[in-house]
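Keep the structure open beside the text.

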Amino acid sequence: MSVERHDNDIEIFVCSGPRTPFAKIDGPLARLDAVGLSVPVVQAAVRSLKASRSGPDCVIWGTVIPSLAVSNIAREVWFDAGLNPSVPALSVVQQCATSLAAATHAAAQMKAGRLELALCGGSESMSHTQIGLTRGMSQMLRRLAAGGGPAAALRAVGQLRLSDLGLSLPSVKERTTGLTMGDHAEIMAKQWNIDRESQDRHALASHQNSVAAWKRGFYNDLVIGSEAFPGVKRDTIPRPDTSLEKLAKLPPAFDRKSGKGTLTAGNSSPLTDGAAACWVATAAGLKGLEEPLYRARLIDWEVAAVDIDRDGLLMAPALAIPRNLARQGLGYRDIDLWEIHEAFAAQVLCTIAALNSRSWLRERAGVEAELGEVPVDRINPNGGSVALGHPFGATGARILSQTVKQLQETGGRALISICAAGGLGHVALLEAI
Ligand SMILES: CC(C)(COP(=O)(O)OP(=O)(O)OC[C@H]1O[C@@H](n2cnc3c(N)ncnc32)[C@H](O)[C@@H]1OP(=O)(O)O)[C@@H](O)C(=O)NCCC(=O)NCCS
């Protein structure tokens, strides 16, 4: 259960920040690494600061795929952006929930009275994933680089074994199980009886909603365009031309052998490059930001973790959501906007099935309250990660920014839900001001 309470009277606000267009791995953003993608985003974000502010109190940034050259990416991005060096920088990682974790970490510090204004976000360049050497090869090269003469060099080379000659290839795998995220989502889909057609229908809606949102201009002032990223004005992944028929023809992407695989390239989020930012502020911090930025109040948040073998890798939001709502005395119908990260259409549908299950709520989430049925017509009205793409470190800030914009347009309350590798789930509740 939750160990944090967020009920003191310091109000927290989230304001929209800019993001890059999102593009598939090895696509039009491939020349930029995670720092390079972040720099124009951070530079665009700080243009919202009033002249009276020389910077935020803190920048909290994250990326998921490790880089050999960059450790505290928040600081490196700040340096490369050429901004006030006296702003402290912290990097966080919580896989797909990374930049939501950045925002709630800032909020917790604000509740403790330690910050007023923080720039939060993250980035991912799947196109720049580094390939590692084996431990033996790394050790040998390290010893060679340390010098010590020909004898030491010979000794180092002599210790090399045949098995040290391989490479350490990165993949989107869960370290403790050795299975990919997609393999795990297949297991969950089978546990919750989520069929292929339902997944394809959800994926189609994700594309249709993303395309419609772009068409009505919803993303125009959230996405920085061609000046910073020549030739890439908007997200390149949403497909106006996809259909149930086309989706149905795609082969299984993960469970290819059993004949029962239901996850495909069409109903999974693609490997994506991109960066995104948002602001977190107290009432005093808000005064440091120029209009017009979209804003909403952050009511509460919750982080949960599952037993991966028993509950399924990506099911933790189905613990965090009911716990958070129950603590606030809210039911599902009290939430007007549901922003659920779509790692896979199957994972969203499994989450909904669990949220609608009384026994799951009682036995797994420890929630006795009657929460109702999830109103599925309120989920991801502007598209989700299947269609928009999912640069791991950036997704949280992407969702926060578009949530506050949507809330400002329609009013009401929103729930953000992000599942993350490691069996983690991070959710946040916001309301229109
Ligand atoms: C699913 C996955 C393996 C697919 O990778 P891929 O095969 O390189 O995907 P592609 O984009 O090339 O798509 C494959 C095919 O499907 C087609 N396709 C994809 N989406 C489609 C759609 N919505 N409608 C119609 N066709 C579609 C593509 O056009 C392509 O067709 P082609 O082979 O004729 O060119 C990869 O995206 C992946 O690993 N995703 C999961 C990432 C992940 O685990 N994230 C973490 C979440 S926790």
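The whole structure holds 16 salt bridges. A salt bridge here is a side-chain nitrogen of Lys or Arg within 4 Å of a carboxyl oxygen of Asp or Glu. The model is predicted, so local features need pLDDT of at least 70 and side-chain atom pairs count only at pLDDT 80 or more, whereas totals for chains, interfaces and linings use all residues. Residues are numbered from 1 along each chain as its sequence is written, and side-chain values use heavy atoms, with hydrogens and water left out.

Start in helix α7. Helices (H or I, at least four residues) and strands (E, at least two) are DSSP runs, numbered from the N terminus. D200 and R196 join their side chains in a salt bridge, 2.9 Å from N to O. Both residues sit in helix α7, four residues apart, or about one turn of the helix. Buried means under 20% relative accessible area, exposed means over 50%, and partly exposed lies in between (1.4 Å probe, protein chains only).

The helix carries another such pair. R201 makes a salt bridge with E197, and their closest N and O atoms are 2.7 Å apart. R201 and E197 are separated by about one helical turn because they lie four residues apart in helix α7. How accessible is R201? Its relative accessibility is 47%, so R201 counts as partly exposed. E197 has a relative accessible area of 45%, so this residue is partly exposed too.

Now move to the strands. R297 forms a salt bridge with E431, with the closest N and O atoms 3.0 Å apart. This pair links distant parts of the chain: R297 belongs to strand β9 and E431 to strand β12, 134 residues apart. E431 is partly exposed because its relative accessible area is 24%. E11 comes in as well: E11, R297 and E431 are linked in a network of salt bridges.

Which strands does β12 pair with? Two strands pair if DSSP finds at least two bridges between them. Strand β9 (residues 295-305) and strand β12 (residues 424-432) run antiparallel and are joined by nine bridges. In this pairing, A304 stands opposite G425 of β12. Strand β11 (residues 413-420) also pairs with β12, in the antiparallel sense, over eight bridges. Here I416 has A428 in β12 as its bridge partner. β11 and β12 form a hairpin with three residues between them. G422 lies in the turn and has a positive phi of about 85 degrees.

Most residues other than glycine have a negative phi, and most peptide bonds are trans. D26 has a positive phi near 60 degrees. D26 is in the loop between β2 (23-24) and α1 (34-46). Is D26 buried or exposed? At 60% relative accessibility, D26 counts as exposed. N193 is not a glycine either, and its phi is positive at about 55 degrees. Its place is the loop between α6 (181-191) and α7. N193 counts as exposed because its relative accessibility is 70%.

The surface has patches to look at. Patches are made of residues with over 30% relative accessible area and no salt bridge; like charges are joined within 9 Å, and nonpolar side chains (Val, Leu, Ile, Met, Phe, Trp, Tyr) within 5 Å. Accessible areas come from the Shrake-Rupley method with a 1.4 Å probe, and for residues only the protein chains shown count as cover.

I131, L133, L141, L144, V157, L167 and L169 make a nonpolar surface patch of about 630 Å². One of these, L141, is in helix α4 (residues 135-145). L141 counts as partly exposed because its relative accessibility is 39%.

K24, R239, K246 and K249 form a positive surface patch. Lys and Arg count as positive and Asp and Glu as negative, while His and the chain ends are not counted. A charge is placed at NZ of Lys, CZ of Arg, CG of Asp or CD of Glu. R239 lies in the loop between α7 (196-215) and α8 (244-249). At 44% relative accessibility, R239 counts as partly exposed.

Finish at G17. G17 is found in strand β1 (residues 12-19). G17 is buried because its relative accessible area is 9%.
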